[in-house]
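Subject: Structure handover

Hello,

Here is the structure I said I would pass on. Please open it first and keep it in view while you read the notes below.

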Amino acid sequence: MLDRKLLRKEPRRVAEAARAKNEKIDIEQWLETDSARRTLMLEIEELRKQRNLFSKAVSAKKRSGENANAEVTQSREAGSRLSILESNLNEMDNRLYEMEKNFPNIPDSDVPLGGEEKNIVLQTWGEIPEFDFQPRPHWELMENVFQPEAAGRIAGSNFILFRGWAAKLQRTLISWMLDYHTETGMEEIWAPFVAKPESMTATAQLPKMDDDMYRIGRDNLYLIPTGEVPITNLYRDQLLEEADLPVRLCGYTPCFRREAGSYGKDNRGLNRVHQFEKVEMVRLEHPDRSDEAHEELLNHAAGMLKLLGIPYRVLLLASGDLSFAAAKCFDIEIWSAGQNKWLEVSSIANFRDFQARRGNMKYRPAGGGKPLFVHTLNGSGLALPRLIISLIENGQQADGSIKLPSALSERMGTEVIR
RNA sequence: GGAGAGGUGGCCGAGCUGGUUUAAGGCGUACGCCUGCUAAGCGUAUGUAGGGGAAACUCUACCGAGGGUUCGAAUCCCUCCUUCUCCGCCA
């Protein structure tokens, strides 16, 4: 949610920001409604004031045993007029809220304008592996342990099923990543894998992503599309002390995505599936320090790839590639040797106070004073399927065996998977 | 799923036989006083949102959410959400 004061003061900036994100918004209609609402508000407050005065007079007269019929009549008249005006106000409030829910966050000034092609490669790390044989894609290397047909029989197409070493590798990676995070002081969270509409609205999956989520209609719940939802919502409607900041959290969750309309697009193997596992990092930060925190989360996530020896690059996303709620976002992409391309494995975003406004997440400044909105950030650390793709394809050897990085070999109980 | 009891300001907690409650009191917090420092003590201030004003200030709303009764609702009625206790079912 954007600040109403900002909407009034700089409507053009808001409109341009929406255009930069390819969102259509009608700021003119909002401005008209808002100004009509304020006019109405003045009238209502004046009327309420009068009614309260009459009402008090009734009270005083009755106490002293006088007749209060005149005041009762006047108060009743004000009241009946009020109920009409109040229902108008109510309707205007709803209209404004519905509009505001659909206004995207404003990109930071250092975010390049334009679509995907304007993304900037900020850094690249590691050597793209060379092979003296033709490297194979992961679905060939995992033939015995990755069974999409079985998953299809159980749940439908584009779900996945691992068995044997693939299942163990996934579990090992989740555990290894959580340890990596908690060693730096993040608190590990285990949260629900479903969330209510209010929670989805707070982190801004709703209203825009409604079609991309699985909904449990009978209970009015959604399966979470990312751990960001339950972990960030841990602090919805909460008031923190400044000394509590930053709040540094991490947690494992599965992520459910309908991927409506993306069939046949890069969805072979593990590239794009309806349920995948992910470890997420979430941070609530003082507004003055969210930029540093953003860099820190990026470097922290990238640190895992260094330990695993996976070549990666970091993109600064252009405005058109930014999500609805993000002000600025880094994507980390890792190399897939069997498909010869980069795969997005982490999105690390700063939402500034956008989610905090929707979810009413505040902190009280150290010297006292009015509560202020926190800044929220999050980033994958990391998404499992693509990480597994990269480990397997990059570590493959001529005989089809897979060499594991030393960071994992002890936990997996072997240096080479055969 | 059944029965019962709750949901009040950052927290705890009174009010709930409708009108001096503009929500008591406590804790916490801030500032001041006092003590050689600390603790304790004393005093003052301190909810959120929106509107008006240059400003001290002032007005309106908000007691889980929404509706209703009434001149007037934290207080009465209805619906829903949610927490707890007991019972049932179940991993």
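This is a predicted model. The lining of the second largest pocket is made up of five nonpolar, two polar and six charged residues. The volume of that pocket is about 250 Å³. It has 13 lining residues, and those closest to its centre are L6, R13, N105, I106 and D353.

Next, the overall layout. Chain A has two parts, domain 1 (4-101) and domain 2 (116-417). Their C-alpha centres are 44 Å apart. Where the domains touch, seven residues of domain 1 are in contact with 11 residues of domain 2.

The largest nonpolar core contains 52 residues, and M142, W165, L169, L305, I332, L387 and I388 have the most contacts inside it. Which helix gives the most to this core? That is helix 7 (residues 165-182), with nine residues. If you select M142 and ignore its neighbours within four places in sequence, you will find it in contact with F162, W165, A166, L270, I388 and I392. There is also a second, separate core of 24 residues, which includes W30, M99, I106 and F354.

Helix 12 (residues 384-394) is worth a look too, as 11 of its 11 residues are buried. The buried residues include charged ones, R386 and E393, as well as L387 and I388.

Finally, some backbone details. Most residues other than glycine have a negative phi, and most peptide bonds are trans.

- L206 and P207 are joined by a cis peptide bond with omega of about 5°. P207 sits in the loop between helix 8 (197-202) and strand 4 (215-216).
- A204 is in the loop between helix 8 and strand 4. Its phi is positive, near 75°. A204 counts as buried because its relative accessible area is 6%, and the cut-off for buried is under 20%.
- The bond from L245 to P246 is also a cis peptide bond, with omega near -5°. P246 lies in the loop between strand 6 (239-241) and strand 7 (247-256).
- R352, in strand 11 (residues 341-352), is not a glycine but has a positive phi of about 50°. Is R352 buried or exposed? At 19% relative accessibility, R352 counts as buried.

Regards

Key. Residues are numbered from 1 along each chain as its sequence is written. Chains are lettered from A and ligands numbered from 1 in the order in which they are written. This is a predicted model: local features need pLDDT of at least 70, side-chain atom pairs count only at pLDDT 80 or more; totals for chains, interfaces and linings use all residues. Side-chain values use heavy atoms; hydrogens and water are left out. A nonpolar core is a set of buried Ala, Val, Leu, Ile, Met, Phe, Trp, Tyr and Cys residues joined through side-chain atoms within 4.5 Å. Buried means under 20% relative accessible area, exposed over 50%, partly exposed in between (1.4 Å probe, protein chains only). Helices (H or I, at least four residues) and strands (E, at least two) are DSSP runs, numbered from the N terminus. Contact means heavy atoms within 4.5 Å. On a 1 Å grid over the protein atoms alone, a cavity is a set of points where a 1.4 Å probe fits but cannot get out, and a pocket is an open set with protein on both sides within 12 Å along at least five of seven lines; lining residues have an atom within 4 Å of a point. Grid points are joined across faces, edges and corners, and a volume is the space filled by probe spheres set on the points. Domain bounds come from an automatic or database domain assignment.
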